[in-house]
Amino acid sequence: MARALVLATNGLATAHPNPRVGCVLVRDGAIVGEGWHAQAGGPHAEAMALANLQSSAVGATAYVTLEPCNHHGRTPPCTHALIEAGVTRVVYAVDDPNPLVNGGGARALRAAGVQVASGLLAAEAAELNAGFIKRMRVGLPLVRVKLAMSLDGRTALSDGRSKWITGEAARQDVQSWRARSSAILTGIGTVLADDPRLSVRPAGPAVRQPARVILDRELRTPPDAQVLAEAAEAGVWIFTASTDAKRIAALAARGARVESAGGAGPVDLARVLRALAQAGMNEVLVEAGATLAGALVEQQWVDELLLYVAPLVLGDRGRGLLNMPEPPSLAQARRFEVIETIAVGADQRIRLRRDTSCSRE
């Protein structure tokens, strides 16, 4: 199963909107086939493992990181393929939360006389597909907010200059998190101030670009913004409260998909996130300023913080990390737990997960 999990990571940046899945076929103590799910519409991990067989699968055990599917989608059911190949035992890590599967795969295998066991390395497998699992269970994507700060918690000088707080290694590290995300979300303030592309670099024909999502209540996104340069390839969504037909048409002509999200107040974050989930987006990476990042944290939409800490200080006039109201008490503060800390060049990357003991979910 550990090997199957390693194989599943081959689809980390490409399997979207499907889960990342690996499969290892073992017979007489030896691996006879292995595979992973590379991309939607392509063979599932079980099918690839069977296609890569070095010898017969009759009597083999299949180790799969996710419950095998038992429905016809873009590809045939994996349960049928395993049964027809003569596999006699299937061990999978976690149940597939997709309502089209969710226990049906295990039942179909047992009905055909195949031994089935589950739960092996379940935590590791669930971590690999945390976004997919959340989307299937609650209709929301996993929201990961990327932030970079100095040792004293500042993101920029008082005049807004921030290039570059972190080093080149940290900036390259961000690219891997962009690549695995279904979408990158930002606010209009960032678009106007920085004119970012929000793309995976280096780009190329083999690189899947995530969708770009802009929250723009008054529809101020310039039609010549760099984020729209690759709209046709990756897709750009703009959520707005504006009904200005001329501006909508200008942005649509550049390939943007303009969606209504809110009235006179701020863009409705719940509406945005549900729309992204309905479009099949599992993981959303937020790269935004302190206002939007603060709102997401305050309203408890954030699952993870990806915090890059640079070994420098900017002083008390520098810009802060999150704009949000002070909690009434320390007991009511938004809390996160550190799940990973690693050095990235001269900087530290701290990954934190929201304390869900008081979660909205």
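The following legends describe close-up views of a predicted model.

**View 1. The open sheet contains nine strands.**
Across the sheet, the strands follow the order β11-β10-β9-β8-β12-β6-β13-β16-β15, and their pairing is mixed. The edges are formed by β11 (256-260) and β15 (336-344), each of which pairs on one side only. From one strand to the next, the twist averages 20°.

**View 2. Strands β6 and β12 run parallel.**
Strand β6 covers residues 142-149 and strand β12 covers residues 283-286; four bridges join them. Within this pairing, Arg144 stands opposite Leu285 of β12. Helix α11 (residues 269-278) packs on the sheet and touches β6, β8 (183-187), β9 (211-215), β10 (236-240), β11 and β12. The direction of α11 makes about 155° with that of β10.

**View 3. The largest nonpolar core has 35 residues.**
Val145, Leu185, Leu215, Phe239 and Leu276 have the most contacts inside this core. Two or more residues are given to the core by each of β6, β8, β9, β10, α11, β12, α12 (290-298) and β13 (304-309). Helix α11 provides the largest share, six residues. Which residues does Leu185 touch, not counting those up to four places away in sequence? They are Val213, Leu215, Val272, Leu276, Val284, Leu285, Val286, Glu287 and Leu292.

**View 4. Ser181 lies in the loop between α7 and β8.**
Is Ser181 buried or exposed? Ser181 counts as buried because its relative accessibility is 0%, and the cut-off for buried is under 20%. Apart from neighbours within four places in sequence, the residues in contact with Ser181 are Arg208, Pro210, Glu283 and Leu285.

**View 5. The largest cavity has a volume of about 60 Å³.**
The structure holds one cavity of 30 Å³ or more. The lining of the largest cavity consists of His16, Asn18, Pro19, Arg20, Asn129, Gly131, Phe132, Arg180, Ser182, Asn282 and Glu283. One of these lining residues, His16, is joined to Pro17 by a cis peptide bond, with omega near 0°. Pro17 is placed in the loop between α1 (2-8) and β1 (22-27).

**View 6. The largest pocket has a volume of about 1600 Å³.**
A total of 49 residues line this pocket, and Thr190, Asp194, Glu287, Ala288 and Gly289 lie nearest its centre. At least two lining residues come from each of β6, β7 (154-156), α7 (168-180), α8 (188-194), α12 and β14 (319-320). Which element supplies the largest share of the lining? Helix α7 does, with seven residues.

**View 7. The loop between α8 and β9 includes Asp195.**
Although Asp195 is not a glycine, it has a positive phi of about 45°. Asp195 is partly exposed, with a relative accessible area of 28%. Leu198 is also found in the loop between α8 and β9. Leu198 is not a glycine either, yet its phi is positive, at about 55°. With a relative accessible area of 3%, Leu198 is buried. Pro202 belongs to the loop between α8 and β9 as well. The peptide bond that joins Arg201 and Pro202 is cis, and its omega is about 0°.

Notes: Residues are numbered from 1 along each chain as its sequence is written. This is a predicted model: local features need pLDDT of at least 70, side-chain atom pairs count only at pLDDT 80 or more; totals for chains, interfaces and linings use all residues. Side-chain values use heavy atoms; hydrogens and water are left out. Two strands pair if DSSP finds at least two bridges between them. Axes are lines fitted to C-alpha atoms, for helices over the stretch in contact, and angles run from 0 to 180 degrees between N-to-C directions. Contact means heavy atoms within 4.5 Å. A nonpolar core is a set of buried Ala, Val, Leu, Ile, Met, Phe, Trp, Tyr and Cys residues joined through side-chain atoms within 4.5 Å. Buried means under 20% relative accessible area, exposed over 50%, partly exposed in between (1.4 Å probe, protein chains only). On a 1 Å grid over the protein atoms alone, a cavity is a set of points where a 1.4 Å probe fits but cannot get out, and a pocket is an open set with protein on both sides within 12 Å along at least five of seven lines; lining residues have an atom within 4 Å of a point. Grid points are joined across faces, edges and corners, and a volume is the space filled by probe spheres set on the points.
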